[in-house]
Structures are given as structure tokens and as C-alpha cells.
Amino acid sequence: MSVLVYVEQVDGKFKKSVYEAVSYAKAIADNQNTNLTAVSIGNVADSELNELGKYGTSKVLSVNTDQLKQFVNQAYAAVIAEAAKKENADIVVLSNSFSGKGLAPRIAVKLKAGLIDGAVELPTTEGGFSVKKTAFSGKAFAITTLTSANKVIALNPNAFGVKENPVSISVEAFTPEVKATDLSTIVKEIVRATNKVSLPDAEIVVSGGRGLKGPENWGMVEELADLLGAATACSKPVSDADWRPHSEHVGQTGIAISPNLYIAIGISGAIQHLAGVSSSKVIVVINKDPEAPFFKVADYGIVGDAFEVVPKVIEALKAYKA
Amino acid sequence: MKILVCISNVPDTTTKITFTSDNTQFNTAGVQYIVNPYDEIALSRAIELCEGGKGTVTVINVGESSTEPTIRKALAIGADDAVRVNAVPRDAYFVAYQIAQYAKANDYDMILCGRESIDYNGSQVAAMIGEFLDIPSISIIKKLDMDGNTATIEREIEGGKEVVTVTGKFVASCAEGTAEPKIPNMRGIMSARTKPLQVIEAEQIDELSKVSKFETPAPRGSVKLIPADNAGELINLLHTEAKVI
Ligand SMILES: Cc1cc2nc3c(=O)[nH]c(=O)nc-3n(C[C@H](O)[C@H](O)[C@H](O)COP(=O)(O)OP(=O)(O)OC[C@H]3O[C@@H](n4cnc5c(N)ncnc54)[C@H](O)[C@@H]3O)c2cc1C
Ligand SMILES: Nc1ncnc2c1ncn2[C@@H]1O[C@H](COP(=O)(O)O)[C@@H](O)[C@H]1O
């Protein structure tokens, strides 16, 4: 028995969410008195792979073949399941990223494993192997018990910290066979804004609503986000009106996020909006209406006109940073 | 082109989520059920792709008879026919297996799901169907175009998008952007009553997971209001008290 973690690379690098998944997997391995192995797919330098040792990975299987340079859901899932079999791993951990959401269910079916998607805490084993996960778009949590021998867990970003746990690590090339039919999806193009913090991973998010009146007023939102190293987000009507891209829309029907700090500007706090953001650790609301429902779930609030308040916050932040 | 759209029956988005029986059961009292909003998007795209006689759209739900109003709503939006697998949807593995069995027996070209159901939020069913059928699955898509037998799909990735093509059968889970949700018109509502809704029995398969308890998030303390002319105090509190900057 062992624990396997899939470490998703982006342009040959691991992001923080990967180290979170590794730290989480290591904690599970420790609880089960077993080792942690990682599997990496794509072209990643040994120096980057060795970084995984810092967080408790004792071995990494590196799959670096031409066929698998780009993400193909079906083939990657097959490779990860093969790695689990090879390592005799009964628990597979991965990050609940966009790609992770596509992989985890396929791996689970291949291993006939119960799946937890959106885990936020370590498993408990009293009365069955159970994991707390988000449910009802962040309005609740579900403690889900897995009844199968094998288990797959997709960990939410920002739910479990990165924990250093240095061990010595070995890198091993792994070249499982891949069926041609597993490679029938072809990646044509990847468009990624590299200069921006991505929303699901962000520790701080600055978000704007209809109170900002129009897309031309997002300059101050972006400036505030830049100063904080934050990602930008918006409410649904804002993306529906094409003021901002759909990928920024948070809430029940958008992305669910749980940053350390969420700053909501000119957003009323409708139940569907709150669903996706209420698990943020600290919430700041700026709204001119003292009765806005958002204040009821906020930690800090400023009642005032965003067009006056936000520039002052920016100024104060610059002063603080100086 | 035959398209199968998977529909889940979920509590309306305004539902206040509470639990009963020592937090082991979702409290359904007074809850209104709707077509999962993402499934509406999937269905709307399927209908667009079949417009002008280019194909047919079947909706499928794994659920008890209480889900039929939701299935009728999907028919009113414009699906041609519907199937209900008569069973409690025990977990995603169980649900995906049922749908995969039906899809295999009836030879669908494309299966569309929503990106996730807004109740249990698994994002599991679509890719599981793909695995059961051994066909490609593309998760969290925001654009889907067909050219003959080849689909061009945009899927969401952190901070951007990836464009992929796939030829032949596939499963995809749809997010916003894939289509504007269609609203049923009077004619749709009338015809939905008489469109075929077939009920089939579930196949035996054990579930692999079950919810043993629910929790609701701890309530926050009351908000600390900061005067509008004192932004410096906000920054100060975020640094010294909340320790987030
Ligand atoms: C099925 C369904 C799903 C939904 N899913 C989502 C979702 O995922 N995410 C989401 O966000 N919404 C969602 N909604 C929509 C949701 O119900 C609300 O309509 C939406 O969140 C409101 O957006 P808003 O707060 O930006 O706009 P409004 O409700 O119009 O609020 C604007 C706020 O700005 C304030 N304001 C105005 N001017 C200023 C100013 N100068 N300075 C400061 N404040 C100002 C106002 O006081 C007000 O509180 C959904 C709705 C449905 C029916
Ligand atoms: N009981 C069900 N019957 C039919 N389709 C379902 C059911 N549950 C989930 N689905 C489909 O699978 C998608 C993802 O659901 P989930 O994996 O539960 O988040 C939904 O958007 C639906 O398209």
C-alpha cells in the first residue's frame, strides 16, 4: 500500500496548488505509515522534480514521452492509473484544478475507486474512510465516506497549506504503454495570460459588481488587484453584459473560490453570488448601500461610493507598501 | 447526429440549505427543484447543433418519479424525447454507469453534461461516462462547434483556455459560454406534455461513496465597519488583525 500524487506541470513548472496536494498526500501517507510517490507527465527538469522532495515525496515517476507532451485527458488518466498499479497505491491524490476535475473521475473508474472531489480536510478513518468536501456550491460541506478499497481524492486549492517535510527523493523514468485510442483528442492551441494570477489559485481576489457601472471603470479594480498580487473576479451580471470575461465570474454558477481575502466592490451579495465566495477566509465589502446583504457575511466593510473609496484604498495601500 | 444530454434535478439556486436527522439528510421541505443550470446550457447547445433537422436530442436523468417535472421542463426547452432511469442517484459512479449503459445500447454520437451539479458538486459524472464507454471526455468546456464528424472545443484552464479537436464519439461537460440558456416558450410547454418519456430500470452496481454527514459553514462574526474616509484603517486591520496582507 502506498499513496500516489499526480503533480500537474504548467510549462515545466509546478504551481503552489501542486505543493499543496503533495503536502496533503504526504500527511495521508504518514497517517497510513507508508510512502509517497509522485507521478509527473510532460517535460519537467530534474531540478524541478527534485523540489517535490522538500514536501515529502520519496520517489517521482517522470513520464516524459513525445506522445504525452500535451494534456490529453484520457491518456493522462490511463498513465496515472498505471502508476498507481505499479506503486501498489490505494490512495491517489491530485489537485482539483480544471484538468484535475477531468482526470480524477476517469482514474477512479479505472481503479474502481470511490472519489472525493473538492476535499478541504485530511481524511478521518474512524467509522470508515471519510473526507470533508464542499457541497451545495459552498453553502455546505459533506462528509463523504468511501466504501471502496481504492480511493481518489481531488484537493481544493487553498484549503490545505504547503508544508515542508524534506525527504530524499529519487527520480525514475516511467514509460507506460499508451493506447492510440487514448490519444484521439488533439490540442490545437493554448491561450494563457501569464502575467496574471489565476482565479482558482489566488490567495487574494478583488471582485467588482454592477455597482461599478461599466467596463471602463475596471481600471481601479485592476490597479488594486495588482498592488495586492490578487486575481480579479466579477459577479454574474457583469460577465453576462460582457464587461468582463466569463472566466472571471464567481458564484453558484461561476467559479467557487476560497481565497484568504476577498474584496467585493459594488456587489450586492445575492445568495447565488455568496455561494461561490463565502468560504473565503476574510471578506471585505465596499458598497454604497448600508443595507446591502453582503455586509451580513463580511468581516470588514466600508459604506461608501466605490469611485471615492477604492482610490483611497489604493492610496493607503501604496503608503503601507512604501 | 444523436445527442444525449444528462440532466440532474437540483434545488433552486435561492434555496437555503439546511439538514435534518442530525445533519445526515438534506432538508427537502419547501425546496423547489430545477434543471441544473449547467445542464440547461448543455441542452441549449445540443438543441442549437440539431437545428434544421441535423439531429435529435434525448435527455436522460437518473432519478425517482419526483424528477419528472424537471424532465418535462427539459422537453419544454426543446429536447425531442426523454429517458428516466428509475433509481435514487446514489453516487456519481452509479449514475455514470447507468447513463453509459443506456448510451452504449442506443449509440449516441455525443453526450453532454453540465460542468457540475450544484447540489453535491462532484464534477464527476461526465468523465466517468467517458471512461465507462472508453471514449474521450473533455471537462469544463465553454465553446463547442461541429464540422462534420469533428468537434472543436474550448475548455477552461487556469488563467486561460485550451482549444482541442476530437473526432468521433465524445463526452463533454459544459460551463457558461457554451450556449445561452434557452427559455421554454408556450409551444414548447404544450408539446412537452406529449413528448415521449421512457422509464427504464437501473442496472445493479454498488456505489463507492456515500455522504455520512453534512455541515454548514460556521457563521461569521458581525462586520466591522470602517469610515469611508479612513481607508488606511482598513489596510491596517487587514495587516495586523486579519493578517492577510
Ligand atoms: C440561477 C441563477 C444563478 C446565478 N448565479 C450567480 C453567480 O454564480 N454569481 C453571481 O454573482 N450571481 C449569480 N446570479 C445572479 C444573482 O442573483 C444577482 O443578480 C447578482 O449576483 C447581482 O450582481 P451584482 O451584485 O453585481 O449587482 P446588483 O445586485 O445590481 O448590485 C449592485 C450593488 O452595487 C452597489 N452600488 C451601486 N453603485 C455603487 C457605487 N457607486 N459604489 C458602491 N456600491 C455601489 C449597490 O448598492 C448594489 O448593492 C444568479 C442568478 C440566478 C437566477
Ligand atoms: N442523477 C443524474 N441524472 C442524470 N445526469 C446527471 C445526474 N447527476 C449528474 N448528472 C450529470 O452530470 C453532470 C455533473 O454532475 P456531478 O458529477 O454530480 O457534479 C451534471 O451537470 C449532469 O449533466
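1. Ground rules. This is a predicted model, with local features needing pLDDT of at least 70 and side-chain atom pairs counting only at pLDDT 80 or more, while totals for chains, interfaces and linings use all residues. Residues are numbered from 1 along each chain as its sequence is written, chains are lettered from A and ligands numbered from 1 in the order in which they are written, and side-chain values use heavy atoms, leaving out hydrogens and water.

2. Two domains in chain A. Domain 1 covers 2-183 and domain 2 covers 204-321; such bounds come from an automatic or database domain assignment. Their C-alpha centres sit 32 Å apart. Where they touch, domain 1 of chain A gives 6 residues and domain 2 of chain A gives 10, with contact meaning heavy atoms within 4.5 Å.

3. On the domain 1 side, A:Ser137, A:Lys139 and A:Asn158 account for 71% of the area buried, more than any other three residues.

4. What links the domains. There are 0 salt bridges between domain 1 and domain 2 of chain A (a salt bridge is a side-chain nitrogen of Lys or Arg within 4 Å of a carboxyl oxygen of Asp or Glu). You do get 4 residue pairs in polar contact, both residues at pLDDT 80 or more. A polar contact is a pair of N or O atoms within 3.5 Å; within protein, one must be able to donate a hydrogen and the other to accept it, and residues adjacent in sequence count only if both atoms are side-chain atoms.

5. Ligand 1. Look for ligand 1 between chains A and B. It has 27 residues around it, with A:Ser235, A:Thr253, A:Ser268, A:Gln272 and A:His273 the closest; a residue is near if one of its heavy atoms lies within 4 Å. A polar side-chain atom of A:Asn287 is 2.8 Å from an oxygen atom of ligand 1. The protein covers 79% of the 980 Å² of accessible area that ligand 1 has on its own (Shrake-Rupley method, 1.4 Å probe).

6. Ligand 2. Among the 19 residues around ligand 2, B:Cys6, B:Asp39, B:Ser117, B:Ser123 and B:Gln124 come nearest. A backbone N or O atom of B:Gln124 is 2.7 Å from an oxygen atom of ligand 2. Taken alone, ligand 2 exposes 480 Å², and the protein buries 94% of that.

Notes: Buried area = accessible area lost by both parts, 1.4 Å probe.
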